[in-house]
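Keep the sequence and the structure side by side as you read.

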Amino acid sequence: MDIQRFLKFFKVGWRIYRDPLLESSHSSIYYWREQMKAMALFTTTEERLLPHRSTWHTLVNIQIVIFFASMAFGLTESIGDHVQMGRDLAFILGAFFIMFKTYYFCWYGDELDQVTSDLDALHPWAQKGPNPVEYQTGKRWYFVMAFFLATFWSFFLCIFLLLLITSPMWVHQQNLPLHAAFPFQWHEKSLHPISHALIYLFQSYFAVYCLTWLLCIEGLSVCICAEITFAIEVLCLELRHIHRHNHGPKELRMETNRLVKLHQNIVEILDRTNDVFHGTLIMQMGVNFSLVSLSVLEAVEARKDPKVVAQFAVLMLLALGHLSMWSYCGDLLSQKSLQISEAAYEAYDPTKGSKDVYRDLCVIITRGQKPLIMRANPFPSFNLINYSAILNQCYGILTFLLKTLD
């Protein structure tokens, strides 16, 4: 792992945060991608051609299968203990989510790399706009937001990993960071101390590696949505300042034609983004809903034990927090896209331009009537309205369980 390459995002982010006049030469998604490359798990055709990289990708895939299978096998030891089964199922769902994303982006790594490159290519273009102060303010805000998001997530991930790895030292009847079972009882410390130590080290190292990679791919995914939103804001600003240089009819026509192509480029990037993340969006919707349902079920069943209730309440909040983050980003993207038609209408000036200019503006207005959305068919789009519907559904499940158990 290339530590310097991995930490570059934090170094650049801190310098930009400290100096308001300093600009980054790349967007945040570029640095998220660099972190995944530093971990040797950005599965593109180009990366596989590097020395030993394809072998490492295969080894990671084998390790994650062993990691998941051992946890699933450990579930058989928890049969009869509903609380322990709930904990095991929660970690198994998390492990399955990581395994699915790892294998999924082995197939879609090139497409993800292309979307990232296309969006990063728009980043320096924003420096050449009509109002550099406004561009720089928006660009700085999105970059610093990504930097603090990465720092905040990394800090709590370190705390979680520390608690997870050291849990056998302070949790009664737990001899591994994650409950798992292996053939011939290799996981039993009293029977096989050497194999138990190796399994302990394997779980500790692989949990750190996988969860760090998951943080990077989630950060990349969210920031791709944020960069598309920023591109929409740039388009709106360009439209509102289209008459800034008092262009003649020919130059104005070239400008409107450029903005029509920019709008089309944004739409195409979003369509490809939805295609790339289609499987993972469906999976995370299913995993989040399963974790919330599991948490509600376990908390209601063990409602007389405050410690157990608190554990599953935290799990439920984490699942809802993850879903709310995606819902907010999708909702912000849709709301900003509706401003495109308004900006194009404001750009209309009957005293300037020609019929071709007005036709271009009409094309943008017509396209802008339909909001851009993040979605994975057949599920509804990610926005706060659908998020509220999910919360109502969870509340209905909780009410039903309470009435049934009482």
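Start with helix α7. It covers residues 193–240, 48 residues in total. From its first C-alpha to its last it reaches 70 Å. That is close to the 70 Å expected at 1.5 Å a residue. Is α7 enclosed or open? Of its 48 residues, 39 are buried, so α7 is largely enclosed by the rest of the structure. Keep in mind that this is a predicted model.

Now step back to the whole chain. The protein chain has 13 helices and 0 strands. Read from the N terminus, its elements run α-α-α-α-α-α-α-α-α-α-α-α-α. The C-alpha atoms fill a box of roughly 85 × 55 × 40 Å along the principal axes. The chain has 406 residues, and 48% of them count as buried.

Contacts along the chain come next. Take those in the protein chain with a separation of 6 or more: residues 24 or more positions apart account for 79% of them. As for charge, the chain carries 33 positive and 35 negative charges, whose mean positions are 4 Å apart.

In an unreviewed entry, UniProt lists residues 56–76, 88–105, 141–165, 276–297 and 309–328 under "transmembrane region". Two of these spans can be set against the model. Residues 56–76 are 90% helix and 0% strand, with end C-alpha atoms 31 Å apart. Residues 309–328 are 100% helix and 0% strand, and here the end C-alpha atoms lie 28 Å apart.

Trp 186 counts as partly exposed because its relative accessibility is 37%. What does Trp 186 contact, leaving aside its neighbours within four places in sequence? The partners are His 192, Ser 195, His 196 and Ile 199. Glu 298 is 112 residues from Trp 186 along the chain, and the two C-alpha atoms are separated by 30 Å.

Phe 184 belongs to the loop between α6 and α7 as well. Its backbone deserves a look. Most residues other than glycine have a negative phi. Phe 184 has a positive phi of about 60°, although it is not a glycine. Its relative accessible area is 66%, so Phe 184 is exposed.

Ala 40 gives another case of positive phi in a residue other than glycine, with a value near 60°. Ala 40 sits in the loop between α2 (28–38) and α3 (45–48). Is Ala 40 buried or exposed? At 15% relative accessibility, under the 20% cut-off, Ala 40 counts as buried.

End at Thr 256, in helix α8 (residues 249–276). Its relative accessibility is 2%, so Thr 256 counts as buried. Which residues touch it, not counting those up to four places away in sequence? Thr 256 is in touch with Ile 242, Val 357, Asp 360 and Leu 361.

How values were computed:
Residues numbered from 1 in each chain as written. Predicted model: local features only at pLDDT ≥ 70, side-chain atom pairs only at ≥ 80, totals over all residues. Heavy atoms only, no water. UniProt positions renumbered as here; feature names shortened; annotations may be inferred. Helix = DSSP H or I, 4+ residues; strand = E, 2+ residues; numbered from the N terminus. Buried < 20%, exposed > 50% of the residue type's maximum accessible area, 1.4 Å probe, protein only. Contact = heavy atoms within 4.5 Å. Lys, Arg positive; Asp, Glu negative; His and termini not counted. Charge placed at Lys NZ, Arg CZ, Asp CG, Glu CD. Expected span 1.5 Å × (residues − 1).
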